[in-house]
Amino acid sequence: MESPQGNNTSDDNLDELLITHTPEKKSDFTSSIPTSRLERLLRDRELRRSNKFSSFNEELRDSNGDFDANEPYLSDGERVYREEDILEGSTPVRQRLLVVANRLPVSAIRKSEDSWTLDVSVGGLVSALLGINDFEARWIGWAGVNVPDEVGQRSLTKALAEKRCIPVFLDEEIVHQYYNGYCNNILWPLFHYLGLPQEDRLATTRSFQSQFAAYKVANQMFADVVNEHYREGDVVWCHDYHLMFLPKCLKEHNSKMKVGWFLHTPFPSSEIHRTLPSRSELLRSVLAADLVGFHTYDYARHFVSACTRILGLEGTPDGVEDQGKLTRVAAFPIGIDSDRFVRALELPQVKDHIKELEERFAGRKVMLGVDRLDMIKGIPQKILAFEKFLEENPIWCDKVVLVQIAVPTRTDVPEYQKLSSQVHEIVGRINGRFGSLTAVPIHHLDRSLDFHALCALYAVTDVALVTSLRDGMNLVSYEFVACQAVKKGVLILSEFAGAAQSLGAGAILVNPWNVTEVAASIGYALTMPPDEREKRHRHNFTHITTHTSQEWAETFVSELNDTVVEAQLRTRQIPPLLPKGEAVDHYMCSNNRLLILGFNATLTEPVDTQGRRIDQFKEMELNLHPDLKEPLKKLCDDPKTTVIVLSGSDRNVLDENFGEYNLWLAAEHGMFLRLTTGDWMTTMPENLNMDWVDSVRHVFEYFTERTPRSHFELRETSLVWNYKYADVEFGKLQSKDLLQHLWTGPISNASVDVVQGARSVEVRAVGVTKGAAIDRILGEIVHYNAVKTPIDYVLCIGHFLPKDEDIYTFFEPELPVGPPPTTRAKIANSLNRFTPNSPGMSAFCRKAPPVPLPGPDKRANSFLGNGNWWSRMREKMTVHEGSSVLDLKGENYFSCAVGRKRSNARYLLGSSAEVVSLLKELADCQL
């Protein structure tokens, strides 16, 4: 039988992975194995820099000193050489990088049945991957054309293979529903705070549902292509909101696949995202990735907040944690290939453009806006602010010109047509008001410019105006700074653009909705002193030249590789899944079995929490899983099996759920015990001090009143304040305040333990744990059950708090025996206290009011039936031989944590459904 540890990475392999997860390079950097995540990332950063320096020197040597600084970047004005390096794969590689995006970096045009023309697109993502020489990049995506016939698909696949591109073939209906529908009509507006479409017809609602279905189908089609071409060790990098389902699809196929996901748009606040009907499915799908990246910390924070508020997961400084599985979430601000713009300014054709523009705008300051014609770009707000500036400063009317480039997009959409008309109307009004026969204040172009013309325009600009209402990053600001080595122009930047997080110190930040503020900023920028312009430009230029697109891509891939290493380290500390077959086989071969079962989240009925924990009352009501009733009855009726339900719940809850079964109930962490055919008794120690209860209860009542949807439970041995259903952030703040009140007041001198759960605070008397109670419980069960043979099989399953996980180690046969006595050895003390002539068990188990405890005579009779056996056993027992009642070998002990990957248990079970499956198999063994 395969070892349960068989799927884990061995220590040797993991140590090797720690060293070799980054490409091998020559470096003087220390060769010792990094011991922390930060050390690994710093080591990888040094290796990358060392490799770049070595490569640069080798290029100089190979060219015999004749090094042309422009040649790697520009050939006839276009990026050909470096793009071909990536797309043609001519550079040496170690690790493959599968870049998965909605569109391929090439545009395909069909010339004939089996012939295609491919044009390389000059996009931000292509540019970002130019400098990754340590990885072999392969692109997977849609080619932008419908190819229904097999001949066309084969010929296009062959043509794209030469560019190291792999097509995903989507039919027209899928594209319409998935891309034009769900992506552009639902996700894109929502992520830019435009809200969901307002519809008044049920047919449209059904259309939204079909669009979401098509979105999932399309993502699965992308996953199928990735799976087909994936090789072990590849890094899969998924991009943007089009592919939010892709990480889940990939991980379901291969859980060991390295998957990263990056969003190029803003991620909205949780209050916006929660309006999306498919909110939870999308979040959980993204969380399947190993690393989730965003442009700014704000977007990353919004994503983590959505996961905590909507899914109820735990947000950490590193990301989102779900039962021990950590998805790392971080900010990776994208950059540009700044060298490309700097070198372009030296080209003759660009210099000619610059000269023409300087002559045309001689004597006037030039302001520039470059945007897509889109609602989020704030073009009307920008133009209105310029109008207000001219209105308040008429002296500038013939001294400044605003050049606005508005690249048309989605011209067939009514909203965009309306926006275009609005912009033209405003421009016409302003030009008519402030213009003359020879000059107008606004030059508006509904077109795009080629690269050289754009660089020239950047170079002659005095003030760049970016007024995005919401933008993922906006790289126009970066491009402007890169071309300002001479002019040292001023950047006015919207605080709602992601670039504000990076260039905010050197730019003038504005709220584009505040037209007065923007107008004042225009005036300040136009009159800014030269020394201040120089300082601001120097700050921004330093940033864009050090935080390049290449550095962005390399950093993300490096972090993804390290995240997988970190996951391996965490996995090494996680117990393996329970080998059910082995547990069942040993169960069948044993003679006296002990099953210890938790209740909440172990035997309880599952509650559907796919969307949000809305039905608080249903979830608070603990009910036995309906599928467990029959198998549990079989197990309880088996004379060779003793079943204990050990729970923190009170006695009434256990009575309601298990009163009909022949088993033992241990309530409030084992402080109350009864056989279902008998009465409750208490196992609390004699000296248990509960004087602190009233004062703690007053504190809990106070915070319950002031924390909506929180509640507290008053038990006989503990108090629990639960804020599981309260607002996540507010609940955490309230719990910290509550703990401070407790420590400085009611429990400052009390003998209590404070147990913090995921969303709860529990105060117990010291010593009230399941592990501390189990020895007393076993002693009582031994006497009641007239045990004829020692217990030779123990199965302990539960979703216990860390404080109660001492019950798992209690039964470990490998624990050392000897002074000081182990917990298990305490059984001997408990058993030796009682003889057939003892007056009772008052020192051990006392009556739980109001149920009377059986008298001494009745109790003695309950175990005197086998009195001779026990007398002989006790005569042979020493203080360290009490565990003889547990004739337990290591292979016959199975401790299982349910839904908790950080546990002292030997094994894991994923959910209560797996518990049901296991107990059914054990029950079937009775037949």
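**Entry 1: Threonine 467**

I began with threonine 467, which counts as buried because its relative accessibility is 1%, under the 20% limit for a buried residue. I note here that the model is predicted. I then looked up where threonine 467 sits, and found it in the loop between strand 15 (463-466) and helix 17 (476-482).

Which residues does threonine 467 touch, not counting residues up to four places away in sequence? I listed Lys377, Gly378, Lys382, Ser494 and Pro512. For glycine 378 I recorded a polar contact as well: its backbone oxygen lies 2.9 Å from a polar atom of the side chain of threonine 467. I also checked isoleucine 376, which is 91 residues from threonine 467 in sequence, while their C-alpha atoms are 9.0 Å apart in space.

**Entry 2: The protein as a whole**

I next turned to the totals. The protein has 33 helices and 30 strands. I read that 55% of its 927 residues count as buried. Taking the contacts between residues at least 6 apart in sequence, I found that 74% join residues at least 24 apart.

**Entry 3: Helix 25**

I looked up the buried residues of helix 25 (residues 651-658), and they are Arg651, Leu654, Asn657 and Phe658. Seen down the helix axis, these residues fall within an arc of 140°, so they line one face of helix 25. On the face turned away from the buried side I noted the exposed residues Asn652 and Glu656.

What covers the buried residues of helix 25? I found that the cover includes helix 24 (629-637), along with strand 19 (641-646), strand 20 (664-667) and strand 21 (672-675). I also inspected the start of helix 25, where a side-chain oxygen of aspartate 650 comes to within 3.3 Å of the backbone nitrogen of asparagine 652.

**Entry 4: Helix 22 and helix 33**

Two packed helices are described by the angle between their axes and the distance between the axes. I looked up both values for helix 22 (residues 580-589) and helix 33 (residues 912-924): the axes come within 10 Å and cross at roughly 35°. I recorded the crossing of helix 22 and helix 33 as right-handed.

From helix 22, the residues Lys580, Val584 and Tyr587 take part in the contact, and they meet Glu914, Ser917, Leu918, Glu921 and Leu922 of helix 33. I sorted the residues of this contact into 4 nonpolar, 1 polar and 3 charged.

**Entry 5: Glutamine 734**

I located glutamine 734 in helix 27 (residues 728-744). Is glutamine 734 buried or exposed? Glutamine 734 counts as buried, because its relative accessibility is 11%. Leaving out residues up to four places away in sequence, I found that glutamine 734 touches Phe703, Arg706, Thr707 and Trp721.

**Entry 6: Two positive phi values**

Most residues other than glycine have a negative phi. Arginine 164 is not a glycine, yet its phi is positive, at about 55°. I found arginine 164 in the loop between helix 5 (150-161) and strand 5 (165-167).

Lysine 488, also a residue other than glycine, has a positive phi near 55°. I placed lysine 488 in the loop between helix 17 and strand 16 (490-494). Lysine 488 counts as buried because its relative accessibility is 18%.

Conventions. Residues numbered from 1 in each chain as written. Predicted model: local features only at pLDDT ≥ 70, side-chain atom pairs only at ≥ 80, totals over all residues. Heavy atoms only, no water. Axes fitted to C-alpha atoms, helices over the stretch in contact; angles between N-to-C directions. Helix = DSSP H or I, 4+ residues; strand = E, 2+ residues; numbered from the N terminus. Left-handed = near helix turned anticlockwise from the far one by under 90°. Contact = heavy atoms within 4.5 Å. Nonpolar A, V, L, I, M, F, W, Y, C, P; charged D, E, K, R; others polar. Buried < 20%, exposed > 50% of the residue type's maximum accessible area, 1.4 Å probe, protein only. Arc of directions from axis to C-beta. Polar contact = N/O pair within 3.5 Å; in protein donor to acceptor, adjacent residues only side chain to side chain.
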